[in-house]
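Okay, thanks for having me.

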Amino acid sequence: MTSSDDSSKMKTSSEKSNNLLAKRYIGLEKSIWTELNALPIVHKAIDLGQGFIDYAPPHYFIDLYKETLDDPNIFLHQYTREMGHRRLVEAISNVYSPYFNRKIDPLTEILVTDGATQSLFNCIHSFINPDDEVILIEPFFSCYEPMVHSACGIPRYIALKPKPESIKADISSSSDWILHKNELESMFNSRTRLIIINTPNNPVGKVFTRNELEHIANLCQKHDVICISDEVYEWIVYDENKKHIRIATLPNMWERTLTIGSAGKTFSSTGLKLGWTIGPQHLMRSCRVVHQNCVISCPTISQEVVARCFEYELKRINSSKCYFNSISNEFLEKRDKFVQALKECGIKPVVPDGGYFILADYSQFAGDKFQSDTDDVKDIKFVRYLTKEKQLATIPATIFYTDDHHHLAENYIRFCFVKKDETLDKAIEILRKLKTN
Amino acid sequence: MTSSDDSSKTKTSDKKSDNSLAKRFIGLEKSIWIEFGALAIAHKAINVGQGFIDYAPPPYFIDLYKETLDDPNILLHQYTRGFGHRRLVDAISNVYSPYFNRKIDPLNEILVTDGAYPSIFNCIHGFINSGDEAILIEPFYDCYEPMVRSAGGIPRCITLKQKPESTKADISSSSDWTLDKNELESMFNSRTRLIIVNTPNNPTGKVFTREELEHIANLCQKHDVICIADEVYEWIVYDKNKKHIRMATLPNMWERTLTIGSAGKTFSATGLKLGWTIGSQHLMHPCQVVHQNCVYTCPTISQEVVARCFEYELKRLNSPECYFNSISTEFLEKRDKLVQALKECGMKPVVPDGGYFIIADYSQFAGDKFQSDADDMKDFKFVRYLIKEKQLATIPVTGFYTADHRHLAENYIRFCFAKKDETLDKAIEILRKLKTN
């Protein structure tokens with residue numbers, strides 16, 4: 001090699017080192033969550049930010065965990081079946097088949113993953129080819145957009161919009177946030193590969209109605225689009241007249257829907273990081289390929305524990321004591337307490353019909369103190385201020401929107417209310433003090 | 001829309017759902033673990049195939065697990081830090097810093113993952129752009145190649161080759177398997193992005209020498225290539241004169257090496273599915289980006305347990321009682337027992353210097369009974385035969401080669417000897433019976 005070859009190679013070397021990150025991931029480096037999750041810890045804030053309960057999971061959960069560790073079957077500490085531990089996929093099938101109005105085949109129609117987030121990654125990456133379009137409904141859980149980008153897909157955004165009268169009201173309902181039917185129809189075209197729906201919705205708390213789901217379903221069938229249905233909050237609904245509806249149960253939708261569930265949300269134990277995807281064999285086949293080329297298998301002990309928990313609940317699934325039923329009652333009280341407090345403070349809550357969160361319009365409360373600029377959106381500034389100065393952690397709503405649509409959400413922040421009463425009381429106190437100042 | 005538009009849309013529709021798998025994953029559908037794991041269970045075979053122990057992990061592991069569940073800190077059941085639970089990254093730093101001759105920054109130089117498998121995924125997908133080359137050393141753990149391909153990369157495969165005299169011998173050493181230096185040099189070019197080095201190697205058991213690693217290191221530096229060092233079997237080495245050497249400790253290699261470790265292999269509890277990547281901050285960053293856009297965070301309880309296990313071992317790290325030292329002694333006996341038995345049966349074992357596995361040339365043992373053809377390699381056929389007809393599960397070695405090079409390994413199968421004595425005895429009995437027939 002000549003010395004001129006050497007020097008040109010050197011230039012390329014330092015270029016190479018500077019441009020380390022694979023192109024598919026460029027632009028996805030920041031996760032606002034890293035900052036947002038660290039803030040409450042650093043500032044010892046009352047944490048109404050990230051979605052997890054701050055008290056113990058149901059007692060039987062820990063009992064069954066300990067029971068599992070006492071099991072003489074030492075194979076529970078070694079690799080299990082790649083697509084999902086047998087006992088768990090059978091339990092998932094037994095629990096969910098009635099809700100899907102069909103017998104779900106445990107071996108071919110269920111995939112166990114390292115959490116609903118991983119299920120989402122898996123579903124998106126299983127089907128997207130470069131330039132395929134994915135319809136995302138804002139506000140969306142913030143991981144959807146980067147996952148579509150890293151698969152080289154193109155996200156197309158449509159926002160749920162609150163009815164004009166409810167924006168003005170002191171208090172409104174998540175069911176007031178709707179999709180404009182014509183707008184949604186216009187988003188579908190021959191390049192549309194997927195649509196992701198999240199019901200109950202994070203952060204709005206909307207529970208999509210049958211009518212709304214049917215409209216989406218018809219468009220999926222017309223345009224041969226696969227529906228990814230993120231239903232992690234499926235058990236947490238507050239209004240008997242607005243039950244959770246599974247889009248996979250609508251006519252002709254089983255064959256084109258992938259339904260995602262979460263052990264962490266089901267058993268109020270988000271540290272589990274265990275989830276599942278349920279769907280028809282011909283779609284699950286693709287999900288399995290991505291799974292085996294990414295994580296291949298999931299932890300055994302936690303799968304065994306979750307299986308036992310499902311078996312435990314299966315025995316009482318129709319009773320009010322079943323955790324899947326009682327959890328909503330437990331959270332409903334908290335929701336109402338916090339909604340009331342927000343209203344009294346002049347923060348305008350959107351009362352959720354499901355899920356862990358309340359979106360609230362803080363603009364009157366905060367006045368003109370915070371403004372969006374080129375560096376940052378006003379809700380992020382307000383959230384940072386609340387956390388650092390007032391020791392109250394929340395989440396800015398704009399992180400659930402694409403950059404171009406931030407203006408739709410900059411007046412909202414998200415509160416997680418599934419916290420122990422002590423936490424909620426302290427939060428309410430902070431808001432009241434703020435109001436008077 | 002006219003009716004002719006409708007009918008053309010229907011035609012396109014039929015295609016879309018049927019060919020659902022994203023193109024990046026086409027061709028990557030097979031997995032030897034899934035096929036042979038299921039086969040072993042179905043035929044109730046003596047399992048000396050997949051790499052996991054079939055007896056209990058070290059007692060303190062289960063004790064510390066139970067202790068963790070008794071901990072009143074209920075937040076252990078909720079989400080933890082995305083890049084790794086604090087207690088665990090601190091423990092990993094404390095244990096590994098001396099081995100890396102530097103203080104490893106727990107917050108910026110360690111990423112905790114759902115196992116070494118996704119660590120490898122993160123490392124590959126964090127850096128590979130379409131058309132980038134990744135050098136893989138055969139035989140390689142089978143996930144490397146599909147992970148490179150699904151990232152759009154091009155695998156360049158170079159085989160470890162046995163010295164001629166040792167192919168003839170009844171018994172040989174894994175250290176006889178070497179890379180041709182000139183051949184390796186010729187593989188590096190301006191498109192080379194990564195090389196993956198697995199030491200101790202699965203399946204040969206080779207422990208790369210300092211000289212061999214230096215040669216690779218020099219090439220990495222010359223061509224500005226990142227080295228992924230898969231060191232999951234780091235604690236399992238059998239010859240004091242062939243100690244495990246960490247690539248990242250060679251001169252100038254810290255800044256271009258990512259080292260992967262496994263809790264499952266370290267504590268003989270493969271069901272944990274917890275791993276880590278260690279490297280300098282600028283290299284960790286791309287891995288973190290992939291991680292946060294795939295799983296985001298790992299389970300909390302298992303991280304807490306592994307942290308406590310590391311703390312426990314840290315106190316006795318230099319004593320022979322430390323599991324990281326005693327594990328090799330425990331497995332050495334089993335290795336020697338199986339090696340001897342294979343030799344007596346007329347199979348030609350390659351004695352491993354490290355790891356869980358022995359590869360053995362079965363060609364004289366099996367005679368001409370099995371031949372490779374267009375559909376199947378002879379080792380796959382032989383392994384299936386052994387499982388179905390003789391209830392003995394092993395792994396075919398051609399699964400560790402790229403398609404073009406498989407013929408180089410068709411005479412080998414892989415045995416896992418990290419099993420209880422009863423299992424090894426049964427396996428040996430089956431082989432002896434086979435020999436006499």
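**Overall build of chain A**

So, chain A has 437 residues, and a compact globule of that length would have a radius of gyration near 22 Å; chain A comes out at 23 Å, which agrees. That radius is taken over C-alpha atoms, and the globule rule is 2.2 Å times the number of residues to the power 0.38. Before I go on: this is a predicted model, so local features need pLDDT of at least 70 and side-chain atom pairs count only at pLDDT 80 or more, while totals for chains, interfaces and linings use all residues. Residues are numbered from 1 along each chain as its sequence is written, chains are lettered from A and ligands numbered from 1 in the order written, and side-chain values use heavy atoms, with hydrogens and water left out.

Along its principal axes, the C-alpha trace of chain A spans about 75 × 65 × 50 Å. The secondary structure is 16 helices and 16 strands, taken as DSSP runs numbered from the N terminus (helices: H or I, at least four residues; strands: E, at least two).

How much of chain A is buried? Buried residues make up 65% of the 437, where buried means under 20% relative accessible area, exposed over 50%, and partly exposed in between, with a 1.4 Å probe and protein chains only. As for contacts (heavy atoms within 4.5 Å), take those in chain A with a separation of 6 or more: 73% are between residues 24 or more positions apart.

Most residues other than glycine have a negative phi, and most peptide bonds are trans. Here are some exceptions.

In chain A, the peptide bond joining A:T199 and A:P200 is cis, with omega about -10°. A:P200 sits in the loop between β8 (192-198) and α9 (210-223). Over in chain B, the bond from B:E138 to B:P139 is also cis, with omega near -5°, and B:P139 is in the loop between β3 (133-138) and α6 (144-150) of that chain.

Then there's positive phi. A:C152 isn't a glycine, yet its phi is near 65°; you'll find A:C152 in the loop between α6 (144-150) and β4 (154-159) of chain A. And A:S268 has a phi of about 50°, in the loop between α10 (263-266) and β11 (275-278) of chain A.

Are those two buried or exposed? A:C152 has 30% relative accessibility, so it counts as partly exposed. A:S268 is at 1%, so A:S268 counts as buried.
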